[in-house]
Amino acid sequence: MRRPFALLLSCALALPAPLSAQSYDLPDLGDVAATELSPAAERRIGEEIIAQIRWRDAAYLDDPEIEEYVNRLGHRLAGVSNNPTQDFDFFVVRDPTLNAFALPGGYIGVHTGLLLAAQTESEFASVLGHEIAHVTQRHIAQIVGKQSQSAMLMMASLLVAVLAARSNSDVSQAAIAAGQAGAIQSQLGYTRAFEREADRVGLETLDKAGMDVRGMPSFFERLQRNTRVYENNAPAYLRTHPLTTERIADMENRVTRMPYRQVLDSADFRYARAKLRADAGQPADAVRDLESEVARAPQAEEMAYGLARALLRAGRADDALVRLDAVRKRAPASPWLETLAAEIHIARRDGAEAVRILDAARRQFPASRSVAYALADARIQAGQAGEAAKAVRRLLDDRSGDPRLWQLLSRAHAALGERSAQHRAQAEVYVLRGSLPAAIEQLEIARKAGDGDFYLLSAVDARLRELQRSLQEARRQQ
Ligand SMILES: [Zn+2]
């Protein structure tokens, strides 16, 4: 790994330096009060940033299965944190460095490198617990509260720039630029105190969630060891970043006073990591990597799953099927195995079998969103778009803010040749991705398509008026 690990858990938020972010829209701060950041304003800033990331950041990992897993673990921790009513959303970023970060409003990003480097689920959870604590302790609002409103805007632009830089896989560039702005020193004091508090509160959360608290010092210690190797080349920001030696000592002290607990990793944790490995790099290399893992640990079902996935990527669907069916026979049932089985059948042009597998999986795992998405997708591909649209519409009754569902609905209508309905659904995808002009354009296309019934067209008109009003409102505030 080329870059240092020391950015781990760094708060990009603590650096109020403006940077250019040409490809990003700056969040609209609206009527944010100049003296403090209210939870609602914080959530709105976070929402706008996350919409940009999901929509435009090539590094955003658009993998509903992995995202669902990280959210399940994250919400389990957040539910026992000291502010269980705070909203949280977790997302994953494809980046080999070991980092995680909290955006305003409870949006927490995790690098794939971190998930792969964690040797136990408790280690991974310890980082989530630390980030959750930054949010529940309102560190972001406190930092912002000490700034003027213009500094807030700069902070938001910096955040976006950091993300932009990271998506070009060069986050240290952003950190260096921030360092040159010379605004760091005054912030480090807060950062140190906040880091210590986030460690302490995060550790308590980890304990209450029933995880192994020793995961925290062990993971941080390993990260610190890795950091030392790079220290001489580290940019100034990384060298002056809060010392982890005392933080680790603090954690170790606390942990010795807590009860010993042996915790097994969940199957989801193991499957998520195997999937990341199977999807990384060249398919042939991934096959070799996982073949050697399977040879080393023939009983590890997640490695056999990973190998099947890598084989599918390498265009060897038949080999993948043989491997996966062997795992499905011996391993406990899991949505990960069923969605992959369906993917393999789709690759073999057997959409009907994919639908059959996912339909059964849907009954077995009714709470799994990933299975529901995969089933709708398989139905569209198997010529059952009408069924898909019906099922997706039912799901939207409870989850109208889910852009993946709107995208599936749009695709289902497109497959049915229903253009008004297709563009009506596509408009909602754009709304949720923070692009009102694009959404309005879709509604105008829906109107002109001429194949919608009276009810659909009235809904289109009403939505169009609503969005035009929101757009005017947004422009007035700028
Ligand atoms: Zn931190």
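Is Asp89 buried, partly exposed or exposed? Asp89 counts as partly exposed, at 23% relative accessibility; buried means under 20% relative accessible area, exposed over 50%, and partly exposed in between (1.4 Å probe, protein chains only).

The legends below describe a predicted model, in which local features need pLDDT of at least 70, side-chain atom pairs count only at pLDDT 80 or more, and totals for chains, interfaces and linings use all residues. Residues are numbered from 1 along each chain as its sequence is written, and side-chain values use heavy atoms, with hydrogens and water left out.

**View 1. Confidence along the chain.** The pLDDT, the predictor's confidence in each residue from 0 to 100, has a mean of 82 over the chain. A value of 70 or more is reached by 78% of the residues. Over residues 1–34 the pLDDT stays under 50, and the model has 119 contacts (heavy atoms within 4.5 Å) beyond four places in sequence for them. The stretch of residues 167–190 also has pLDDT below 50, with 36 contacts in the model beyond near neighbours in sequence. Where pLDDT is low, the predicted coordinates should not be read in detail.

**View 2. The salt bridge of Arg43 and Asp89.** A salt bridge is a side-chain nitrogen of Lys or Arg within 4 Å of a carboxyl oxygen of Asp or Glu. Arg43 and Asp89 meet in such a pair, at 3.0 Å from N to O. Because Arg43 belongs to helix α1 (residues 39–56) and Asp89 to strand β1 (residues 89–93), the pair ties together parts that are 46 residues apart in sequence. Helices (H or I, at least four residues) and strands (E, at least two) are DSSP runs, numbered from the N terminus. Arg43 counts as buried, at 18% relative accessibility.

**View 3. The salt bridge of Arg328 and Glu338.** These side chains meet at 2.9 Å, N to O. Arg328 lies in helix α15 (residues 317–330) and Glu338 in helix α16 (residues 335–347), so parts that are ten residues apart in sequence are tied together. Arg328 is partly exposed, at 26%, whereas Glu338 is buried, at 13%.

**View 4. The salt bridge of Glu428 and Arg463.** The closest N and O atoms of this pair are 2.7 Å apart. Glu428 is buried, at 7% relative accessibility, and Arg463 is buried, at 17%.

**View 5. A network of salt bridges.** Arg277, Asp289, Glu293 and Arg296 are linked in this network. A search of the whole structure finds 35 salt bridges.
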